[in-house]
Amino acid sequence: MNRQAQAVVLFLFGGAILKASLTDLYLRYVQEALRPFLIASGALLVIAAASTLWYDLRGRGATEEDHHHHEPRVGWLLILPVLGLLLIAPPALGSYTAEQTGTVQVNAESDYAPLPDGDPAPVSLIDYVSRSVFDEGRSLAGRRLQLTGFVATGDDGEPMLARIVVSCCAADGRPIKVGLAGSPVDVPAGTWLQVTGRYTDQRGKDPVNQADIAFLQVEQWQPVSPPKQQYE
């Protein structure tokens with residue numbers, strides 16, 4: 001590829017990163033805290049592309065490139081992932097990943113903070129599982145709880161509530177799963193739900209990795225739109 005072609009590829013890469021990071025699209029791939037780094041990276045690529053093109057138009061290195069304009073065209077394949085991000089952005093990880101991967105094995109905390117105010121109290125799935133398994137539900141007792149996640153199908157065909165937990169980006173995403181007891185939930189896998197219920201000491205085992213699965217005693221549920229930040 002000559003310098004002008006390199007500049008085009010750099011510009012497309014930088015533009016794709018900026019498009020993702022200046023909208024909510026980047027949340028499908030990385031944590032929210034990484035947004036400033038994405039914006040900086042995209043801007044640097046665009047600046048590098050503009051600089052490359054400017055130097056080329058000034059004629060620097062033109063003689064050398066005139067003798068090397070028959071390079072393999074396979075270099076243009078670098079544009080394919082950029083076009084994929086610009087035109088066909090994949091969705092965030094969801095029910096398929098949850099059903100094929102073992103649930104996260106959460107860590108215990110030395111002291112659990114009081115639940116948020118409100119009735120019901122909003123609780124993340126990973127916090128609910130940690131309090132259920134390691135605190136035996138003591139910090140959850142007597143409170144109505146509200147969990148939000150998508151439906152995944154368990155090995156026995158029963159629905160579970162799940163979210164994807166990421167440490168850095170979607171590449172290391174693992175599901176956290178909560179079993180649903182009581183009121184039957186009959187919606188397709190992948191449907192986002194807001195579930196209200198109470199702690200129960202019922203337990204299950206994830207068939208993928210044999211990790212403990214905590215359950216929630218469901219009182220009511222309703223479908224909701226996917227949240228802006230779909231990962232925990």
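Q: Hi! Over how many bridges do β3 and strand β4 (residues 174-182) pair, and in which sense?
A: β3 and β4 pair in the antiparallel sense, over 6 bridges. Two strands pair if DSSP finds at least two bridges between them. Helices (H or I, at least four residues) and strands (E, at least two) are DSSP runs, numbered from the N terminus.

Q: Before we go on, what sort of model is this?
A: This is a predicted model, where local features need pLDDT of at least 70 and side-chain atom pairs count only at pLDDT 80 or more, while totals for chains, interfaces and linings use all residues. Residues are numbered from 1 along each chain as its sequence is written, and side-chain values use heavy atoms, with hydrogens and water left out.

Q: How do β2 and β3 go together?
A: Strand β2 (residues 145-153) and β3 pair in the antiparallel sense, over 4 bridges. The two strands form a hairpin with 5 residues between them. In that turn, G157 has a positive phi of about 85 degrees.

Q: Is β3 mostly covered or mostly open?
A: Strand β3 (residues 159-165) is mostly covered, with 7 of its 7 residues buried. Buried means under 20% relative accessible area, exposed means over 50%, and partly exposed is in between (1.4 Å probe, protein chains only).

Q: Which residues sit on each side of β3?
A: One side has P159, L161, R163 and V165, the other has M160, A162 and I164, and all of them are buried. V165 in β3 counts as buried because its relative accessible area is 15%.

Q: How far is V165 from Q230?
A: From C-alpha to C-alpha, V165 and Q230 are 9.2 Å apart in space, and they are 65 residues apart in sequence.

Q: Let's zoom out. How many helices and strands does the protein chain have?
A: There are 6 helices and 6 strands. Along the sequence, the protein chain follows the pattern α-α-α-α-α-β-α-β-β-β-β-β. Of its 232 residues, 37% are buried.

Q: What about the helices: at what angle do α1 and α2 pack?
A: Helix α1 (residues 3-21) and helix α2 (residues 35-57) pack at about 160 degrees, with their axes 8 Å apart. That makes α1 roughly antiparallel to α2. Angles under 35 degrees count as roughly parallel, over 145 as roughly antiparallel, 65 to 115 as roughly perpendicular and the rest as oblique. The axes are lines fitted to C-alpha atoms, for helices over the stretch in contact, and the angles run from 0 to 180 degrees between N-to-C directions.

Q: Left-handed or right-handed crossing?
A: α1 passes α2 in a left-handed crossing. A crossing is left-handed if the near helix is turned anticlockwise from the far one by less than a right angle, and right-handed if clockwise.

Q: Which classes of residue make up the contact of α1 with α2?
A: The contact has 15 nonpolar, 6 polar and 3 charged residues. Ala, Val, Leu, Ile, Met, Phe, Trp, Tyr, Cys and Pro count as nonpolar, Asp, Glu, Lys and Arg as charged, and the others, Gly among them, as polar.

Q: New topic! How many aromatic pairs does the structure hold?
A: The structure holds 2 aromatic pairs. W54 and Y55 form an edge-to-face pair, at 5.1 Å centre to centre with 65 degrees between the planes. Rings of Phe, Tyr and Trp (its six-membered ring) pair if their centres lie within 6.5 Å; planes under 30 degrees apart count as stacked, over 60 as edge-to-face and the rest as tilted.

Q: Are W54 and Y55 buried or partly exposed?
A: W54 is partly exposed, with a relative accessible area of 48%, and Y55 is partly exposed at 33%.

Q: And what is the geometry of the pair of F150 and W192?
A: F150 and W192 are also edge-to-face, at 5.5 Å centre to centre with 70 degrees between the planes. This pair links distant parts of the chain: F150 is in strand β2 and W192 is in strand β5 (residues 192-205), 42 residues apart. Both F150 and W192 are buried.

Q: Last one: which peptide bond is cis?
A: The bond from D119 to P120 is cis, with omega near 5 degrees. P120 is in the loop between α5 (95-100) and β1 (121-122).
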